Amino acid sequence: MTFEMTSFSLEGKIALVTGAVYGIGFAIAESYAKAGATIVFNDLTQEGVERGLASYAEKGIKAYGYVCNVADEDGIQAMVKQIEEEVGVIDILVNNAGVIKRTPMIEMPASDFRQVIDIDLVAPFIVAKAVIPSMIKKGGGKIINICSMMSELGRETVSAYAAAKGGLKMLTKNIASEYGQYNIQCNGIGPGYIATPQTAPLRELQEDGSRHPFDQFIIAKTPAERWGEAEDLQGPAVFLASSASDFVNGHVLYVDGGILAYIGKQPE
Ligand code: NAP
Ligand code: GCO
């Protein structure tokens with residue numbers, strides 16, 4: 001297909017972004033709306049959905065919100081059916097909803113490990129499984145899984161999260177392999193360290209007003225010498241949701257300011 005700038009347009013598309021009341025999901029959904037898509041999102045609670053609808057309305061976006069736990073397969077199947085009846089067939093799925101527990105592995109109850117795996121890995125499987133049949137009938141679709149630096153690297157206290165995000169990278173490749181024949185492209189976005197509520201504990205100022213040691217660590221590990229903003233993910237997310245990426249499949253696009261390429265700032 002000959003490239004035109006309209007190749008980045010999402011006009012006429014319906015995008016489901018899970019867990020998109022705020023943070024990375026909200027930023028991605030906002031960029032999709034700017035590109036012309038109709039926005040659908042979910043949250044665990046009605047209060048969260050209302051908060052999200054208000055936030056989208058403040059941006060001039062008429063979004064559709066649904067209460068659903070992404071780890072609840074029956075609930076997701078029912079929600080997708082309801083979306084198809086009320087809004088239309090989902091063209092773009094962003095598996096964004098996620099949690100993290102930061103606990104040394106030998107102190108982490110298996111139940112906590114399983115909960116992180118359920119939400120960060122099993123849920124993207126559940127939601128993709130729910131939307132793919134209609135994508136096939138419609139002639140194609142886009143699935144974008146929000147991976148992580150921990151899809152490639154480990155660090156202390158995040159064993160469950162790294163296992164989930166590593167698995168999510170391989171689930172991304174497998175969906176691409178199994179459904180590419182139906183014109184479905186499944187790719188990942190691997191954000192670096194992004195300033196959202198999820199990483200707020202890692203950026204808290206110390207009692208003496210100094211930056212959190214982890215904050216300083218990330219600055220030293222990032223060539224861009226800054227934390228990412230959720231808005232840094234918007235362009236890559238639009239690219240992967242648009243026809244401009246129709247021959248990109250099974251790829252994880254790291255949007256990390258260069259962390260994965262960099263050994264870290266050398267001593268002065
Ligand atoms: P966040 O600020 O913690 O937001 C996570 C969102 O997911 C919240 O809206 C939350 O809803 C929702 N959620 C959690 N569990 C859910 C469930 N079971 N069902 C439905 N919604 C659920 O996270 P974020 O920083 O925006 O991160 C979004 C995604 O990017 C996550 O997958 C995260 O792992 C990934 N990521 C983040 C970073 C980063 O540095 N921030 C980097 C790489 C990857 P509630 O508010 O109702 O709990
Ligand atoms: C952590 C952070 C990271 C980021 C992100 C990095 O505790 O190390 O929360 O996991 O959220 O996943 O890409």
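Author: Let us begin with a ligand and its surroundings, bearing in mind that this is a predicted model. Of the 14 residues around ligand 2, those that come nearest are Arg 102, Ser 148, Arg 155, Tyr 161 and Gln 198.

Reader: Which polar backbone atom lies 2.8 Å from an oxygen atom of ligand 2?

Author: One looks for pairs of N or O atoms within 3.5 Å. The backbone atom in question belongs to Met 149. Side chains take part as well: an N or O atom in the side chain of Arg 102 is 2.6 Å from an oxygen atom of ligand 2, and for the side chain of Tyr 193 the corresponding distance is 2.8 Å. Taken alone, ligand 2 exposes 330 Å², and the protein buries 96% of that.

Reader: How many disulfides does the structure hold?

Author: A disulfide requires two cysteine sulfur atoms within 2.5 Å. The structure holds zero disulfides. For Cys 68, the nearest cysteine sulfur is that of Cys 186, 19 Å away. Cys 147 is likewise in no disulfide, with the sulfur of Cys 186 as its nearest, at 8.5 Å.

Reader: Is Cys 147 buried or exposed?

Author: A residue counts as buried under 20% relative accessible area. Cys 147 has 2% relative accessibility and therefore counts as buried. Cys 68, at 7%, also counts as buried.

Reader: How is a helix such as H1 to be read, and what is its reach from first C-alpha to last?

Author: One compares its span with the span expected at 1.5 Å a residue. Helix H1, residues 23-34, has 12 residues and reaches 17 Å, close to the expected 16 Å. Because 10 of these 12 residues are buried, H1 is largely enclosed by the rest of the structure. Among the buried residues are Phe 26, Glu 30 and Tyr 32. H1 is followed by Gly 36, which has a positive phi, near 110°.

Reader: Where does Thr 222 lie?

Author: A residue in a loop is placed by the elements on either side. Thr 222 lies in the loop between helix H6 (213-221) and helix H7 (234-241). Its relative accessible area is 3%, so Thr 222 is buried.

Reader: With which residues is Thr 222 in contact, leaving aside its neighbours within four places in sequence?

Author: They are Asp 256, Gly 257, Ile 259 and Tyr 262.

Conventions. Residues numbered from 1 in each chain as written. Chains lettered and ligands numbered in written order. Predicted model: local features only at pLDDT ≥ 70, side-chain atom pairs only at ≥ 80, totals over all residues. Heavy atoms only, no water. Buried < 20%, exposed > 50% of the residue type's maximum accessible area, 1.4 Å probe, protein only. Helix = DSSP H or I, 4+ residues; strand = E, 2+ residues; numbered from the N terminus. Contact = heavy atoms within 4.5 Å. Expected span 1.5 Å × (residues − 1). Near = heavy atom within 4 Å. Polar contact = N/O pair within 3.5 Å; in protein donor to acceptor, adjacent residues only side chain to side chain. Areas by Shrake-Rupley, 256 points an atom, 1.4 Å probe, with all protein chains shown as cover.
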